[in-house]
Amino acid sequence: MKLDDQIQKLEAGALARIQEAIDSEALEAVRVDVLGRKGSLAQISKDFGKLTPEERASAGKALNAAKQALESAFESRKQAFASDALNQRLRAEWVDLTLPAPGPRPGSLHPVTQIQDEIEDLFTSLGFAVLDGPEVETEYHNFDALNIPPEHPARDMQDTFWLEGGNLLRTHTSPVQVRGMEKLGPPLRMIAPGRAFRNEEVDASHEHTFYQVEGMMVDRDVSVAHLIYFMKTLLSAIFRREVTVRLRPGYFPFVEPGFELDVQCLICGGPGCPVCKQSGWVELLPCGLVQPNVLRMSGIDPDEWGGFAFGLGLTRLAMMRYGIDDIRLLQSGDLRFLSQF
Ligand code: DAH
């Protein structure tokens with residue numbers, strides 16, 4: 001076959017392959033095969049040496065023409081693939097710019113705040129005032145006025161962050177009951193929710209910063225029966241069901257008698273389970289009748305007035321209610337945790 005004819009045949013075959021290529025990779029493979037350095041066109045030009053000058057001129061023309069035709073066919077096919085790809089992407093990534101923007105995602109209340117709000121609502125409805133006190137306290141309000149004088153061993157029950165000038169970070173919310181008695185006098189019904197601080201090694205169940213609610217009622221003829229009534233009302237509201245409670249003796253210098261109030265295990269209802277360590281009861285709330293010295297130091301006559309007081313661990317309660325097993329999560333600021341409540 002004459003070289004010119006070979007070139008024409010090659011061109012026709014290559015054009016067909018270009019049209020048949022299904023994507024840009026297949027097309028590129030054809031290009032390398034035909035127009036590449038070792039491609040079929042290059043192979044043909046190797047035979048030019050054997051031709052007469054006239055034949056060579058004619059074949060050279062044909063080769064150039066074929067080369068140009070193929071290059072432009074490749075180019076246009078390539079463009080077609082590119083514009084197909086672009087259209088496909090535009091279809092897939094289409095955005096309606098006229099749609100209204102999504103609003104800001106609403107936040108949620110912290111689980112401790114939720115329980116605190118509920119407790120405040122409940123006690124407000126029972127005629128209690130909600131009081132606030134300073135987190136940086138005097139030694140007097142945090143200890144002495146609660147019947148814990150210097151050198152009293154009960155000071156060691158709470159690891160204290162001492163500050164300059166004899167002040168401290170309050171180790172409990174009980175100093176607010178002293179401030180309440182000083183400021184409002186009897187009769188008095190108050191709760192004081194807030195933060196307390198202890199110099200503790202932090203682990204899954206200990207934080208240096210935690211939340212409590214202190215509660216106090218001072219009136220004439222206040223008895224343990226009142227204390228039990230209010231505590232049962234409180235716990236039934238928090239756990240949203242009737243709860244059974246029991247009192248055990250407990251020592252706190254600011255109450256006499258002092259108690260640990262246990263609630264019958266909410267998981268097993270009494271027979272015993274891992275949560276209540278098989279005892280059927282969960283220790284929840286220390287409380288008692290206000291020690292006469294405490295009343296007296298805040299200017300209240302213990303012969304005329306009596307009272308009860310209790311301390312509720314809000315952090316602990318939130319953990320129980322929501323089944324949170326690591327106290328550190330509560331102050332982690334981790335939105336993946338917080339947005340569940
Ligand atoms: N303030 C105590 C504490 O944080 C808790 C407490 C115990 C408060 C007995 C009271 C109470 O009002 O009567 O350890």
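Predicted model: local features only at pLDDT ≥ 70, side-chain atom pairs only at ≥ 80, totals over all residues.
Visitor: How many quantities describe two packed helices, and which are they?

Guide: Two packed helices are described by the angle between their axes and by the distance between those axes. In this model, helix α2 (residues 24-35) packs with helix α4 (residues 53-92) at an angle of about 170°, and their axes are 10 Å apart. Angles over 145 degrees count as roughly antiparallel, and α2 and α4 are therefore roughly antiparallel to each other.

Visitor: Which residues of α2 and α4 meet?

Guide: From α2, the residues are Ser24, Leu27, Val30, Arg31, Val34 and Leu35. Their counterparts in α4 are Lys67, Leu70, Glu71, Phe74, Arg77, Lys78 and Phe81. By class, the contact of α2 with α4 comprises seven nonpolar residues, one polar residue and five charged residues.

Visitor: Turning to the ligand, how many residues surround it, and which are the closest?

Guide: The ligand is surrounded by 16 residues, of which His172, Ser174, Arg198, Gln212 and Glu214 are the closest. Seven residues of this shell are nonpolar, seven are polar and two are charged. Strands β5 (209-219), β8 (281-290) and β9 (306-313) each contribute at least two residues to the shell.

Visitor: Which atoms of the ligand lie 2.8 Å and 2.9 Å from side-chain N or O atoms?

Guide: A nitrogen atom of the ligand lies 2.8 Å from a side-chain N or O atom of His172, and an oxygen atom of the ligand lies 2.9 Å from one of Arg198. Ala309 places a backbone N or O atom 3.2 Å from an oxygen atom of the ligand.

Visitor: What percentage of the ligand's accessible area does the protein cover?

Guide: On its own, the ligand has 360 Å² of accessible area, and the protein covers 93% of that area.

Methods. Residues numbered from 1 in each chain as written. Heavy atoms only, no water. Axes fitted to C-alpha atoms, helices over the stretch in contact; angles between N-to-C directions. Helix = DSSP H or I, 4+ residues; strand = E, 2+ residues; numbered from the N terminus. Parallel < 35°, antiparallel > 145°, perpendicular 65-115°, else oblique. Contact = heavy atoms within 4.5 Å. Nonpolar A, V, L, I, M, F, W, Y, C, P; charged D, E, K, R; others polar. Near = heavy atom within 4 Å. Polar contact = N/O pair within 3.5 Å; in protein donor to acceptor, adjacent residues only side chain to side chain. Areas by Shrake-Rupley, 256 points an atom, 1.4 Å probe, with all protein chains shown as cover.
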